[in-house]
Every structure is written in structure tokens, then in C-alpha cells.
Amino acid sequence: MKVVIVGAGAGGMTAASRIRALKPEWDVKVFEATGFASHAPCGIPYSIEFGFPGDELMYYRPEVFIKERGIDLRLHARVTEVKNGSIVVDEDGEQNEYEWDKLLIATGASPKVPPIEGVNLENIYTVDLPPDAEILKSALAEAENVVIAGAGYVGLEMAEAVSSLGKKVTVVEMAEHPLPNFDSEIGEILKKDMERKVDLRLNEKIEAFEGRDSVERVITDRGEYRADLVILALGVKPNVELATQIGVELGETGAIRVNQKMETSVENVYAAGDVAETRHLITGKPAWIPLAPAGNKMGYVAGVNMSGGDIEFPGVVGTQITKFYDLQIAKTGLSEKEAINEGFEVKSAFITANTKVHYYPGAKKTYLKVVKDAETNRILGAQIAGYEMVAMRVNVFAVAIQAGFTTKDVFFSDLAYAPPFTPIWDPVIVAARVLKF
């Protein structure tokens with residue numbers, strides 16, 4: 001059996017490893033356009049901030065997959081065409097064709113580049129793949145004034161990384177607060193912290209980039225900013241071009257439509273990772289939420305099913321977390337505005353609490369926004385900002401939401417307590433009590 005996997009990121013290499021474990025006699029080939037396998041692009045800002053080499057963004061080195069797992073991993077091998085039963089690959093300028101019996105498309109997602117005047121000037125960058133870490137480090141060494149377009153996750157993390165290097169950073173965001181997919185209560189907390197470190201420009205739209213050969217100025221609808229370097233952080237789009245060559249159906253989100261076995265509309269063709277749609281466990285609707293944990297699990301499911309197994313990927317609630325310096329920010333499920341847009345009648349609570357009992361040294365503030373269905377009391381979403389233990393609390397809510405917990409279920413959850421770690425009434429429990437049941 002000949003298996004071909006396009007893309008050696010999280011989904012692709014997890015699938016390849018699973019197939020080789022279940023079917024060691026099969027021929028498993030993985031084609032990757034870059035020189036990185038099992039890579040973690042989400043670590044690029046931290047490579048820039050802390051100075052570690054970009055190749056450390058690989059969880060496993062290529063030789064692990066080749067020598068220990070028996071995977072035929074081809075790096076610097078760009079797939080240029082997908083056919084029914086074969087692919088065409090550019091390997092160092094040579095066009096080679098390989099047959100497949102089963103195909104996995106794991107081509108991920110790429111940054112959006114807006115059609116703005118001057119966007120092709122030099123020193124305008126996106127944050128995409130691990131090689132970008134070294135490219136950006138080199139460019140930043142020569143830059144003093146840096147403009148970051150967008151204050152979503154990538155924009156936020158790059159703002160921290162670049163400002164930590166002592167650069168003058170301006171962040172331009174169209175929305176009224178950073179992290180626009182959060183509700184305003186959490187957004188305002190983040191806004192105050194960001195304003196201490198960077199020049200944050202909200203409700204502002206970039207209209208052009210200007211300069212002779214390299215970018216020199218960013219023009220918005222409210223002013224202009226000097227820029228030696230610009231980082232575009234305006235969201236991503238799924239890389240579906242190869243899939244459409246053989247008629248794979250796309251979903252309403254624009255990503256590849258798959259069933260819960262990761263099968264596409266074309267027989268023996270699977271998709272996994274950031275290129276694939278999934279199902280939102282609250283709304284039941286198709287969703288495209290490109291995040292690494294789901295991408296790895298999709299790859300696992302695809303690998304099992306391609307090997308003849310039977311396992312389903314249930315979907316996601318969209319749990320995510322990031323930080324800006326000491327402030328940690330996390331979200332799971334639906335925000336209040338998202339829930340309202342989905343037709344729910346909602347009630348919400350916003351609370352401020354301490355992370356430890358009052359007498360234990362080092363207690364810090366944490367802020368929770370929790371949303372419930374007003375009719376059933378089912379928890380629909382939670383957002384948290386604070387200075388410690390945010391991951392623990394958002395994970396509690398993630399599991400509760402996936403399990404269909406109501407506010408009563410959360411209130412009576414038997415959570416751990418000791419003075420060094422949490423108050424006797426954990427903020428999770430307090431939020432459920434304030435929401436009532």
C-alpha cells in the first residue's frame with residue numbers, strides 16, 4: 001500500500017507515525033516544502049524574543065521519523081500537482097511523480113496578505129513557517145521602528161517579542177480592543193497592559209505602505225507611522241489549492257470539508273490539521289479553528305482510519321491561550337457576542353478575584369467572563385485574563401463545556417484547594433455561583 005502525505009507539520013507527521021505503527025509494511029512517503037518536520041510555527045515569536053535557533057521549533061528531528069519510524073520523509077520537496085493516483089513534486093528543480101493509493105492533505109494554513117498599496121515593498125513580513133524566525137531576527141537587527149498590523153494572537157505575541165528587543169513598536173488594529181474575538185471586558189484589561197509597552201492604535205485601518213524600495217511609512221485612515229519593518233498579522237487562510245486540483249469539496253468556512261473520520265469527498269483522500277474543517281461542539285456547525293492541539297488529533301484520527309481502523313474526531317470548543325508579558329489571556333467556547341450571533345439567549349458574569357487566599361504571599365488578580373444559556377444554564381464559554389494559573393482554569397471550563405456542564409455542575413465540581421494555589425472559593429466556582437442555577 002502506497003501512502004502519500006503532503007505536509008510535514010503537526011497533522012501530517014502524527015498521521016505518518018500512526019500509519020507506520022499500525023501498518024509497518026506499508027510505504028509511507030511525506031513531502032514537505034521546507035527543511036522542517038514536526039514543526040511548531042506558534043513558537044516563532046519566542047525564538048525571536050529569547051534568541052534560540054529556529055530549528056528548535058521542530059518537536060522531533062527528521063532523523064527520528066526516517067531512522068526510528070521508517071517514514072520516507074522528503075524535505076525541500078514541494079508538491080506542485082495532485083492527480084488521481086499520483087502527485088508531482090519539485091525536488092531541487094527536478095520534477096518527479098509518485099503514485100498513491102491513499103492520500104493525506106496536511107498543507108496547513110498561510111498568513112493573509114491584504115491587497116493594500118505598497119504591500120510588496122521590502123521589509124514587510126508575515127509570520128508563517130519556522131524559517132521565518134531567522135529571517136525576522138536578521139531584519140529586526142537593522143530596524144528601530146516596527147509596525148505590527150493586527151492585534152490578534154500573532155500580532156500580540158510578536159508585539160511582545162519585538163518590544164522586548166528594545167524596538168519602538170506600533171500595533172495597528174481595526175477593532176476597538178486587542179484580541180477582537182474576546183469580549184470587551186477582557187479586551188480592555190489587555191489594552192491597558194499593552195499600552196504600557198507599545199503604541200497601540202485601535203479603531204484604525206491601514207490604507208497603504210509607502211517607501212522607495214523598502215517600507216518607510218504606514219498610512220492609516222487616521223495618520224501615518226514611521227516603519228523600518230512591518231509585520232502582517234491579519235489572520236490566516238487554509239492552503240486548499242492542491243486539494244481542489246482533484247475535486248476535493250470545500251466547506252462553508254473555506255477549509256476542506258471532512259467527516260469525523262477525516263475523509264474528504266474524494267475516495268481514499270483525507271485531510272487533517274489547519275487545512276481541514278471540523279465541527280463546533282456547542283453550535284454543531286462546521287468550524288475552522290486552526291490550532292495545534294486539534295491539528296495533532298486530526299492527524300492521529302486520519303492515520304488510524306487510513307490504516308483500516310475506525311475512530312472519529314468529535315470536534316472542538318476552540319480552547320486557546322496566549323500572553324502579553326506577564327498577562328495571560330485564554331478563551332474556550334463562545335464569547336457573549338458569538339453566542340448571541342448563534343441565536344442563544346445568554347446571561348453572563350464578569351468577576352474579579354484573587355488567585356490565592358488573602359493571607360498567602362503573592363496573590364494576584366484574575367478576571368473571568370463566563371457565558372451561559374439562559375434557558376438551560378449550560379455553560380457556553382469562558383474567557384480569563386490574569387497573571388497566573390490561567391491555563392488551569394480555562395482547561396477546567398473547556399472540559400466542562402465539552403461535557404455539557406451547567407452552572408450547577410460547575411459550582412459543585414470538586415476542585416482542589418490549598419492556600420498556596422487557590423482560594424477556598426476558586427474563581428471558577430465563584431463565576432458559576434454568580435451566574436446562578
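Biologist: How many salt bridges are there between domain 2 and domain 3?

Modeller: Between domain 2 and domain 3 the count is three salt bridges, a salt bridge being a side-chain nitrogen of Lys or Arg within 4 Å of a carboxyl oxygen of Asp or Glu. This is a predicted model, in which local features need pLDDT of at least 70 and side-chain atom pairs count only at pLDDT 80 or more, while totals for chains, interfaces and linings use all residues. Residues are numbered from 1 along each chain as its sequence is written, and side-chain values use heavy atoms, with hydrogens and water left out.

Biologist: And which residue does Asp183 pair with?

Modeller: Asp183 forms a salt bridge with Lys369, with 3.1 Å between the closest N and O atoms.

Biologist: Where do the domains run, then?

Modeller: Domain 1 takes in 2-40 + 57-109 + 237-307, domain 2 is 113-232 and domain 3 is 320-435, with bounds that come from an automatic or database domain assignment. Taken over C-alpha atoms, the centres of domain 2 and domain 3 are separated by 30 Å. Their contact (heavy atoms within 4.5 Å) takes 21 residues from domain 2 and 20 residues from domain 3.

Biologist: How much area do domain 2 and domain 3 bury?

Modeller: They bury about 1,900 Å² between them, 61% of it on carbon and sulfur atoms, where buried area is the accessible area (1.4 Å probe) that two parts lose on being put together, summed over both. Of the area that domain 2 buries against domain 3, Glu160, Asp183 and Ile186 supply 30%, more than any other three residues.

Biologist: Switching topic, which strands hold Arg74 and Glu91?

Modeller: Arg74 forms a salt bridge with Glu91, the closest N and O atoms being 3.4 Å apart. Arg74 lies in strand 3 (residues 72-74) and Glu91 in strand 5 (residues 86-91), so the pair, 17 residues apart, links distant parts of the chain; helices (H or I, at least four residues) and strands (E, at least two) are DSSP runs, numbered from the N terminus. The structure holds 22 salt bridges.

Biologist: What does UniProt place at residues 1-283?

Modeller: An unreviewed UniProt entry places the feature "domain: FAD/NAD(P)-binding" there, with the caution that annotations may be inferred rather than shown by experiment. In the model, residues 1-283 are 23% helix and 28% strand, and the end C-alpha atoms of this span lie 39 Å apart.
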